[in-house]
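Please look through the sequence and the structure below before reading on. The report that follows goes through a few local features, one topic at a time.

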Amino acid sequence: MSIGKSTLITASLAKIDTPFLLVDKVKFDTNVAFLRAKLAPHHVVLRPHLKTVKSIAGAKHVLEGFDSPATVSTVKEAEAFADAGYTNLLYAVGIAPQKLPRIQALLNKGINISILLDSAVQAKAVAEFCQTQNIKIPTLLEIDCDGHRGGIQPDDTRLVEIARILHQGGAELLGVLTHAGESYDCINKEALVAAAEGERHAAVIAATQLIESGLPCSVVSVGSTPTAHFAENLDGVTEVRAGVYTFFDLVMAGIGVCKPSDIALSVVTTVIGHNEEKDWLFIDAGWMSLSQDRGTQSQRQDCGYGLVCDSDGNIIPGLQVIGANQEHGIIAAAGSDIDGEKLSDIVVGTQLRILPNHACATAAMHAGYYVADPEQVELDYWARIQGW
């Protein structure tokens, strides 16, 4: 970014009331391109999870076209992206029966949307709905690869039982899906590589069980941002999902998936006070804008409620948000020097940027993003999809 354009962008940011979300478009585009290039040699489909960006305007910079595969976490997202013209969607949360009419409405509009389940109860509800409504709903079976959440064990005989309920009951059995949520607790490259292989292995074992039982399994879907970046072998996998890679965050930096300087999302805030006795700065960003997520608390570096950057996005070493009330945050030095810069030198009215622990949680606190793009002086704005 040239100095002239950087100065103009900083001046534009200074005109906006804080706190607000800011996207560094250069970092965002770099993160998106990196993962696509990383997966290209494996000849798998990348199905980005849009639960992080949750924005029609933002999605056009993640997806390659309206028929590009995408993942969503709410039916509201699916409806919004469908209305915007996107046609290839996976609703990757276990289906609740009362949501099936909304899925049907999307299918009737020509949207290729698939759902997810992991129990016979859900499968029977889907099959009954398909029969009653004379519709085939594409369905994936969720596999538990690491005990992190829900799902069926890949070698559990109930997998075939549930699959048959769907296949014989009128639904369209697509295959299997798994998510290595425990990869977020990895602490080194070896653990991340192992998590990626465990994820792949579980999905392939489950797919093999279906195929050997004479059942269809055209989709073998795996993914999390950590495993997508550290997978060395994707044999047997058809698609990879990842979401927070577009922005990254301090949790991802803490486990070595990215560097703090790669994080494309920040909360812009203003210094509103200074407690000289405690050497605290007060900012107008509390948990209502930063979120209460403390995902780095169990990592080697606890980043509090976020690390502190200057108005240009440069990290100020040693500073973090140590406390967050509803609309107030407290900045202090934490565990190291701040390269000679005194907190008292950061005067009231100064704009700072806070890097988030968890990009999804922080973004959820806001209605949209301001976007700093060196290719244009005026800031763009990406509205977020809200609701379920």
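## Aromatic rings

Which residues do ring pairs link into a cluster? In this predicted model, the residues joined in this way are F28, F247, Y369 and W382. A pair of aromatic rings is described by the distance of the centres and the angle of the planes.

The rings of F66 and Y86 have centres 4.9 Å apart and planes at 55°, so this pair counts as tilted. Because F66 lies in the loop between helix 3 (56-59) and strand 3 (70-72), while Y86 lies in the loop between helix 4 (75-83) and strand 4 (88-94), the pair ties together parts that are 20 residues apart in sequence. Y86 has a relative accessible area of 6% and is therefore buried, since buried means under 20%.

Y370 and Y381 form another aromatic pair, with 5.0 Å from centre to centre and 65° between the planes, and this arrangement is edge-to-face. Y370 belongs to strand 16 (residues 368-372) and Y381 to strand 17 (residues 380-383), so the pair ties together parts that are 11 residues apart in sequence. Y370, at 26% relative accessibility, counts as partly exposed, and Y381, at 38%, also counts as partly exposed.

## Two packed helices

Two packed helices are described by the angle between their axes and the distance between the axes. Helix 6 (residues 120-133) and helix 7 (residues 158-169) pack at an angle of about 5°, and their axes are 9 Å apart. The two helices, helix 6 and helix 7, are therefore roughly parallel to each other, because angles under 35 degrees count as roughly parallel.

On the side of helix 6, the contact is made by A120, A123, K124, V126, A127, C130 and Q131, and on the side of helix 7 by E161, I162, I165, L166 and G169. Sorted by kind, the residues of this contact between helix 6 and helix 7 comprise 8 nonpolar, 2 polar and 2 charged.

T139 is found in strand 6 (residues 138-143), and at 0% relative accessibility T139 counts as buried. Leaving aside residues up to four places away in sequence, T139 touches I115, L117, V126, L166, A171, E172, L173, L174 and G175. Among these neighbours of T139 are V126 and L166, and these two residues also take part in the contact of helix 6 with helix 7.

S291 sits in the loop between helix 11 (287-290) and strand 12 (307-309), and with a relative accessible area of 5% S291 is buried. Although S291 is not a glycine, its phi is positive, at about 80°.

Not counting residues up to four places away in sequence, S291 touches G286, Y305, A361, T362 and M365. One of these, Y305, has R294 lying over the face of its ring, at 5.0 Å from the ring centre. S291 and H366 are 75 residues apart in sequence, and their C-alpha atoms are 9.9 Å apart in space.

## Backbone details in two other loops

The peptide bond from T18 to P19 is cis, with omega near 0°, and P19 lies in the loop between helix 1 (3-13) and strand 1 (20-24).

D279, in the loop between strand 10 (265-275) and strand 11 (280-283), has a phi near 60°, which is a positive value in a residue other than glycine. With a relative accessible area of 39%, D279 is partly exposed.

Technical notes. Residues numbered from 1 in each chain as written. Predicted model: local features only at pLDDT ≥ 70, side-chain atom pairs only at ≥ 80, totals over all residues. Heavy atoms only, no water. Axes fitted to C-alpha atoms, helices over the stretch in contact; angles between N-to-C directions. Helix = DSSP H or I, 4+ residues; strand = E, 2+ residues; numbered from the N terminus. Parallel < 35°, antiparallel > 145°, perpendicular 65-115°, else oblique. Contact = heavy atoms within 4.5 Å. Nonpolar A, V, L, I, M, F, W, Y, C, P; charged D, E, K, R; others polar. Phe/Tyr/Trp six-rings, centres within 6.5 Å; stacked < 30°, edge-to-face > 60°. Buried < 20%, exposed > 50% of the residue type's maximum accessible area, 1.4 Å probe, protein only. Lys NZ or Arg CZ within 6 Å of the ring centre and 35° of its normal.
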